[in-house]
Amino acid sequence: QLYEQAIYFDKNCSEAYLKYADVYRSANPGQAIDKLEELKSVDPQKASIVDKAEAQIYYSHNEFDKAAEAYSRF
């Protein structure tokens with residue numbers, strides 16, 4: 001919840017987006033991916049970091065096609 005609050009007050013706080021996604025990667029991977037996509041739209045320079053994090057989430061949930069696609073963008 002504190003990461004959401006940090007994002008609310010500073011939309012450019014990439015660390016909060018990444019930590020939020022890390023917290024939710026196991027419990028709710030869809031929500032983690034959504035937050036990473038939000039980061040990518042706010043700060044396009046972080047696209048490679050976002051793609052790597054997305055690939056790791058997909059891979060850990062056996063979604064290998066999506067993981068390969070995200071790794072190819074990385």
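This is a predicted model: local features need pLDDT of at least 70, side-chain atom pairs count only at pLDDT 80 or more; totals for chains, interfaces and linings use all residues.

Colleague: At what angle do the axes of helix 1 and helix 2 cross?
Modeller: The axes of helix 1 (residues 2-9) and helix 2 (residues 14-24) cross at roughly 155° and come within 9 Å. That angle makes helix 1 roughly antiparallel to helix 2, the cut-off for this being over 145 degrees.

Colleague: Is the crossing of helix 1 and helix 2 left-handed or right-handed?
Modeller: Helix 1 passes helix 2 in a left-handed crossing.

Colleague: And which residues meet there?
Modeller: Helix 1 contributes Tyr3, Glu4, Ala6 and Ile7, which meet Ala16, Tyr17, Lys19, Tyr20 and Val23 of helix 2. By type, this contact has seven nonpolar residues, two charged and no polar ones.

Colleague: How do helix 2 and helix 3 pack?
Modeller: Their axes lie 8 Å apart, at an angle of about 165°. Helix 2 and helix 3 are therefore roughly antiparallel, and their crossing is left-handed.

Colleague: Which residues of helix 2 take part?
Modeller: Ser14, Tyr17, Leu18, Tyr20, Ala21 and Tyr24 do; in helix 3 they meet residues including Pro29, Ala32, Leu36 and Val42. The contact divides into ten nonpolar, two polar and two charged residues.

Colleague: Changing topic, which residues touch the most other members of the largest nonpolar core?
Modeller: Leu36 and Ile57 do, in a core of 13 residues. Helix 2, helix 3 (29-42) and helix 4 (47-60) are the elements that each give two or more residues to this core.

Colleague: What does isoleucine 57 touch?
Modeller: Leaving aside residues up to four places away in sequence, Ile57 touches Arg25, Pro29, Ala32, Ile33 and Leu36.

Technical notes:
Residues are numbered from 1 along each chain as its sequence is written. Side-chain values use heavy atoms; hydrogens and water are left out. Axes are lines fitted to C-alpha atoms, for helices over the stretch in contact, and angles run from 0 to 180 degrees between N-to-C directions. Helices (H or I, at least four residues) and strands (E, at least two) are DSSP runs, numbered from the N terminus. Angles under 35 degrees count as roughly parallel, over 145 as roughly antiparallel, 65 to 115 as roughly perpendicular and the rest as oblique. A crossing is left-handed if the near helix is turned anticlockwise from the far one by less than a right angle, and right-handed if clockwise. Contact means heavy atoms within 4.5 Å. Ala, Val, Leu, Ile, Met, Phe, Trp, Tyr, Cys and Pro count as nonpolar, Asp, Glu, Lys and Arg as charged, and the others, Gly among them, as polar. A nonpolar core is a set of buried Ala, Val, Leu, Ile, Met, Phe, Trp, Tyr and Cys residues joined through side-chain atoms within 4.5 Å. Buried means under 20% relative accessible area, exposed over 50%, partly exposed in between (1.4 Å probe, protein chains only).
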